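The sequence and structure are shown below.

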Amino acid sequence: MSWWIQLLSCAVAAAAFSVLMHQPWKTIPVSALIAAAGYGVFLLLGKSTTGYFWATLVIGICCEICARVMKRTATLFVTGAIIPLVPGVGLYNTMLYVVRGDYYQAVNTGAATLLGIAGIALAITLSTVLFSAFHPRKKKAKPC
Amino acid sequence: MDTLATTLDAVCLASEMILESGGETYRAEDTVERMCQGLGIPKVDVLALPTGLMLTLTLEDDSSISRIVRVHSRSIDLGRMDQCNDISRRVASGQMSAEEALRALREIKRPRKEHRFLLIAASALSAASFTVMLGGSWLDFAVSFFCGALVQLVLPPLAQMRVPPVISSMFAGALTTLMALVGRMFFPAVTIEPIISGAIMPLLSGWAVTNAMRDTIRGDLVSGGARVIEAILSVMMLAAGIGLVLSAWGGIRV
């Protein structure tokens, strides 16, 4: 499978998902592009567990920048952009092993899937914190 | 001049709608605080949870008024959330009075014309493209397309029948798996793995995990934890749906 088919289908899938989430039309192409960029990073890193982290970090930073430029909230972009990274294959394979009774493999795959999700969560958090710390138009520091 | 009742109504409606359309709880709290600032309420305390909202407005003469709003249904509607955000921002900057805001918010709240066909097409295209992304062939694309369309066809009626979201997510997983297996019965060249993995991707709540993390990091531990549980539960039910159908499909020749 050539890489550009994967990236193209990734962008189309993210755009369609954004429509499903009632995302405002103007933001959908941006979201799709960021999704493709993030998945590209993920592919470059060989679909490894740490790849989830770095790819999501790229997505998060791109989304925060676009949010500042387009004066929308970053959540709008992140929801669509993050979806191609969600480990659906891992979940399916985990279930497959459970059903087959191969619990060793099931735990193996399940743990890798969970780590992937944890990486995504960590990266999205980092990018948010990074940008909220250096917000140019922040009124006042609110204790949180 | 806005009456206090109008102010309270507008503020409550805005944050309630943000929670209903899947916004983070800190966004709902921020909205209340910003709107009250714009409307000249000296002090406001607000606590938003994924399932409800409590707020107390304190006026200059130290009298206070409180309200609790229960949020029953939660779905994702980024467009609606964006519109509420926009209105609250305009109120905060003084461009809009509470009464105008209330009218605008009621306009948004009204159920709009649902483009059902568009949603079904989007769901189908999304599932099918994910399948190709994960290494599926064009035949898999077609099967996955049907899976996505069928899921979107079935889920809204289930939600209308007040089936809990976790149950319908299990149902969706089972349905997808069944479709893929039936598809392979007719076309032996179909590969199951990319179809199921692709078709369940739109159902996996990636947004729930991200929102949960954002809430937790902001210090909203209660809503963050609640959302994590919601996400885990929904993923586990989805997985259960897949597993049950896989094991029921005689002797597992997967």
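## The sheet of chain B

Leu49(B) is positioned opposite Gly52(B), a residue of E2(B). The model in which this pairing occurs is predicted. E1(B) and strand E2 (residues 52-58) of chain B are joined by seven bridges in the antiparallel sense. With E3, these strands form an open sheet of three strands in chain B, ordered E1-E2-E3 and paired antiparallel. Strand E1 (43-49) and strand E3 (64-70) of chain B are the edge strands; each has a single partner strand, so one side of each lacks a neighbour in the sheet. From one strand to the next, the twist averages 5 degrees.

Two helices of chain B lie across this sheet. Helix H2 (residues 25-39) of chain B lies across E1 and E2 of chain B, at about 160 degrees to E1(B).

## Overall organisation of the chains

Chain B contains 10 helices and three strands, arranged from the N terminus as α-α-β-β-β-α-α-α-α-α-α-α-α. Its C-alpha trace spans about 75 × 35 × 30 Å along the principal axes. Of the 254 residues of chain B, 52% are buried. Among contacts in chain B between residues at least 6 apart in sequence, 66% link residues at least 24 apart.

Chain A has six helices and zero strands, giving the pattern α-α-α-α-α-α along the sequence. The C-alpha atoms of chain A occupy a box of roughly 55 × 35 × 30 Å along the principal axes. Chain A has 144 residues, of which 51% are buried. For contacts in chain A with a separation of 6 or more, 63% involve residues 24 or more positions apart.

## The interface between chains A and B

At the interface, 43 residues of chain A contact 45 residues of chain B. On the chain A side, helix H1 (3-20), helix H4 (74-82), helix H5 (88-100) and helix H6 (103-133) each contribute at least two residues. The residues on this side of chain A comprise 30 nonpolar, 11 polar and two charged.

In soluble globular proteins, nonpolar side chains tend to be buried together. The largest nonpolar core here has 122 residues, and those with the most contacts inside it are Ala14(A), Ala35(A), Ala14(B), Leu105(B) and Leu238(B). At least three residues of this core come from each of domain 1 (4-109) and domain 2 (116-248) of chain B.

Not counting residues up to four places away in sequence, Ala14(A) touches Ser31(A), Ala32(A), Ala35(A), Gly80(A), Ala81(A), Ile83(A) and Pro84(A).

## Positive phi in two loops

His22(A), a residue other than glycine, has a positive phi near 60 degrees. His22(A) is situated in the loop between H1 and helix H2 (28-44) of chain A. With 20 other C-beta atoms within 10 Å, His22(A) is buried.

Arg162(B) likewise has a positive phi, of about 60 degrees, although it is not a glycine. The loop holding Arg162(B) lies between helix H6 (138-160) and helix H7 (165-186) of chain B. Is Arg162(B) buried or exposed? Arg162(B) is exposed, because 8 other C-beta atoms lie within 10 Å and a residue counts as exposed at 12 or fewer.

How values were computed: Residues are numbered from 1 along each chain as its sequence is written. Chains are lettered from A and ligands numbered from 1 in the order in which they are written. This is a predicted model: local features need pLDDT of at least 70, side-chain atom pairs count only at pLDDT 80 or more; totals for chains, interfaces and linings use all residues. A nonpolar core is a set of buried Ala, Val, Leu, Ile, Met, Phe, Trp, Tyr and Cys residues joined through C-beta atoms within 7 Å. Domain bounds come from an automatic or database domain assignment. Two residues are in contact if their C-beta atoms, placed from the backbone, lie within 7 Å. Helices (H or I, at least four residues) and strands (E, at least two) are DSSP runs, numbered from the N terminus. Ala, Val, Leu, Ile, Met, Phe, Trp, Tyr, Cys and Pro count as nonpolar, Asp, Glu, Lys and Arg as charged, and the others, Gly among them, as polar. Two strands pair if DSSP finds at least two bridges between them. Axes are lines fitted to C-alpha atoms, for helices over the stretch in contact, and angles run from 0 to 180 degrees between N-to-C directions.
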